[in-house]
Amino acid sequence: MLGSSDPGRLRGQRVSAAGEEVTISMKRSPLVINQGAARFPMSRRVVAFAAGDLMFMIGVTATAAAAANIAHQPEWGMAVGVVVGMSLAMLAQTTLAFAVAPVLGSIESMVPSMVAAMAGSTAVCVLHVVGWEPTSTVALKVGAGFGVVVFGFVKAYGWSYRRSLGQRRG
Amino acid sequence: MSSIWNLRAKLYDLCEGSDLRRGPYKAELFREMSGRSLFVAIGTGVDIRHFPPQVSVTAIDLSDAMLRQAAPRARLYDGHLGLLRANALELCFADGVFDTIVTSCTLCSVPRPVQALRELHRVLRPGGHLLMFEHMRSRQMLLGLALDAMTVLTRRGGTEMNRDTLANAEAAGFRITGVESVFLDIILSVRAVKLDPAGSLDPPGHVTRAHPTGEVRRQPR
């Protein structure tokens, strides 16, 4: 039971994970909060994560653009190439974003990379539509370029939003 | 609904493995937990390590599987921590019994967020504080559209990525007193207060998301 710390009168049934109420009051060593944060000052963390974000964005957008480019190689028509290319690109982006989520964060990696991968792979598809067949190297470079651009855009937007809040760090 | 979360409990730690990046922000927000505290949707207990010591916490979750996984982490907490199966939409507590209520990536997954926030408002004492570590829809068009697209898929798993949790909190009767960006305008540390009927209408630092000011980051407790 919660006993003396019972937060008020209960109006319903209390059931715990094991079918009974679970209350833990421990006298163990003090909780260590944020061991990682204690080791690394916020400024270093910001730089480290920014570097990680940049590398990830370049990698994921280049991969997505290359995937879109591959889809245009077979002679199966432009429309099918665009649909398959975009699908492959987004599949690659989602897979890579899940892979880095434990380090860079799930939302932090998924949302910007979705925008970047979509833009990069669309650009490659547009090049095919207008008749300029990019090589794999060109597709990778186009993708990487979009990764850098979207990374810069996200950083600028984040800075702008924090500034509107009067927040210095981030 | 609880069956979805029982299933998700198996992969929860992997999917929520963003603690490396978000942990310091959570710790800073949770440091303001004081008095009798309610933590809504404890999940597998990944946030317990960020609780300040010696606080009396009641942590609830809808899922038995989540609570089972949270129990070992709860045992490591240096304070009083009770785990309880409960639904945020229908809390089993009397009115105004908590001094602080904390949510962490909770209000994206509650079916009716305003109703849940009204329940939190009910069980929080007048003048009590609501601390929210939540993600929501970006006001930036492209990022907002990306979150809308993600929601088409994540909704099946019980999570909506494009809610306006700040507006929902205000609709439920809270006054937002502090907003801190963790990641763009998508992941935010939010501080809100339940107004004391005898107090002023707008506490110092009152802010809305549409009109952020430079005076909102930290309010004296």
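Chain B contains seven helices and seven strands. The model is predicted. From the N terminus, the elements of chain B follow the order α-α-α-β-β-α-β-β-α-β-α-α-β-β. Of its 221 residues, 56% are buried. Among contacts in chain B between residues at least 6 apart in sequence, 70% link residues at least 24 apart.

Helix H3 of chain B spans residues 19-30. Its 12 residues place the end C-alpha atoms only 14 Å apart. A straight helix, at 1.5 Å a residue, would reach 16 Å. Buried residues include Arg21(B), Arg22(B), Gly23(B) and Pro24(B). Tyr25(B), Lys26(B), Leu29(B) and Phe30(B) are buried too.

Chain A is built from five helices and one strand. Along the sequence, its pattern reads β-α-α-α-α-α. Chain A has 170 residues, and 37% of them count as buried. Of the contacts in chain A with a separation of 6 or more, 72% involve residues 24 or more positions apart.

The largest nonpolar core holds 104 residues. Within this core, Ala65(A), Ala68(A) and Val40(B) touch the most other members. In soluble globular proteins, nonpolar side chains tend to be buried together. The contacts of Ala68(A) can be listed, leaving aside residues up to four places away in sequence. Ala68(A) touches Gly85(A), Met86(A), Leu88(A) and Ala89(A), among others. Further contacts of Ala68(A) are Ser121(A), Val124(A) and Cys125(A).

Conventions: Residues are numbered from 1 along each chain as its sequence is written. Chains are lettered from A and ligands numbered from 1 in the order in which they are written. This is a predicted model: local features need pLDDT of at least 70, side-chain atom pairs count only at pLDDT 80 or more; totals for chains, interfaces and linings use all residues. Helices (H or I, at least four residues) and strands (E, at least two) are DSSP runs, numbered from the N terminus. A residue is buried if 20 or more other C-beta atoms lie within 10 Å of its own, exposed if 12 or fewer, and partly exposed in between; C-beta atoms are placed from the backbone. Two residues are in contact if their C-beta atoms, placed from the backbone, lie within 7 Å. The expected span of a helix is 1.5 Å times one less than its number of residues. A nonpolar core is a set of buried Ala, Val, Leu, Ile, Met, Phe, Trp, Tyr and Cys residues joined through C-beta atoms within 7 Å.
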